[in-house]
Amino acid sequence: MTFVTTPGRVNLIGEWIDFNGGTVLPMALPQSVQLELHANGGQQDRIQSEQFADHIDFDISAPAASHWSDYVRGALQYARAQGWLTGGQDVSLKSTIPVGAGLSSSAATIVAALKASSGDLVCVDPVSIAHAAKAVENEFIGVPCGIMDQMAVAIGTNGNVLALDTRDCSYEIIPVPTDWTIAVVHSGIGRALADGRYKTRREECLKAADALNVSYLCEANLEAAQALPEALGKRARHVISEGHRSLRAIDALKSGDRQTFGLLMQESHTSLRDDFEVSVPEMDAMVRDAVELGADGARMTGAGFGGCFVCLIAVDRAEAWWPKLQARHPGMKRIA
Ligand code: GLA
């Protein structure tokens, strides 16, 4: 029997640039997926989830079925194809990561199942696990995501930022300054990535990169992007400016410059709202109020369309700030 725990993640800045050659700044969360796995000697996978109060049996080669178990089954099929496992598996799953919140519950589940499947095989390092998890998400689940979430949950540790260059997966681990509070708040608005909006945005980015003749959209410059037709130009403007913001955010993080980091978060939100068009008005109001009530910066996190937002606030102000914000938006919930 193998037991694995994998955290969720929150992205501090660098949104929608992990397939555009950008650098992203995710951080692991205290919430996690816990997964137990052992071979059952049969030809079916039996998957049980405490969260969904359910268990399910599937043939070991059954395709994705738009079911919560797909994330585990996709990982098991990948592991069998690599020879890490043979035959059916019994898997039991517990998770404290809210689903559909933009905190990478799906990546954490896939990574946990792959880590458990590769067991003690020393040749399977965490970066290879992250790439394998991305392949499962892209090919089995059908979401054409980038590599940020899988790297963040395979490598990230709570309280540290993973500054990840998504072109080659090189990374640096940077501790969050001790006088910074990173608050993660669920807006109360649910979302799903498999509904096609992720795919559309991704295609727009690839088209813009093509039109600007660059391999990755982050390599283009803002002046050139102005020549693009309006919709593509807006997408490109977000991606290119976000690429610059996340590099500046690394410097601010390293020097403990909370004000600059906060301003970059705010610019990021504005750009995601106006140019990338992935925010929702309720979230915009929450982000605006978070700053008005004393946060240095706040922004939606993850793919958007609802889910969570992340705020940066001085440790000594955080305690008084939260109840004031919650009073304005009683439907929201603090996650971290
Ligand atoms: C989702 C995807 C990531 C990334 C973010 C947006 O979380 O899985 O690859 O593209 O959206 O930054």
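I located the ligand first: it sits in the largest pocket. A pocket here is an open set of points on a 1 Å grid over the protein atoms alone, with protein on both sides within 12 Å along at least five of seven lines; a molecule sits in it if more than half of its atoms lie within 2 Å of its grid points.

I noted that this is a predicted model, in which local features need pLDDT of at least 70, side-chain atom pairs count only at pLDDT 80 or more, and totals for chains, interfaces and linings use all residues. Residues are numbered from 1 along each chain as its sequence is written, and side-chain values use heavy atoms, with hydrogens and water left out.

I then listed the polar contacts (pairs of N or O atoms within 3.5 Å). A polar side-chain atom of glutamate 15 is 2.6 Å from a ligand oxygen atom. For arginine 9, a polar side-chain atom lies 3.2 Å from an oxygen atom of the ligand. Glycine 146 uses a polar backbone atom, 2.9 Å from a ligand oxygen atom. The protein buries 97% of the 300 Å² that the ligand exposes when taken alone (Shrake-Rupley method, 1.4 Å probe).

I turned to the domains, whose bounds come from an automatic or database assignment. The chain is divided into domain 1 (2-175) and domain 2 (180-334). Their centres, taken over C-alpha atoms, are 24 Å apart. The contact (heavy atoms within 4.5 Å) takes 33 residues from domain 1 and 42 residues from domain 2. Both domains give residues to the shell around the ligand, so the ligand lies between them.

Notes
A polar contact is a pair of N or O atoms within 3.5 Å; within protein, one must be able to donate a hydrogen and the other to accept it, and residues adjacent in sequence count only if both atoms are side-chain atoms. On a 1 Å grid over the protein atoms alone, a cavity is a set of points where a 1.4 Å probe fits but cannot get out, and a pocket is an open set with protein on both sides within 12 Å along at least five of seven lines; lining residues have an atom within 4 Å of a point.
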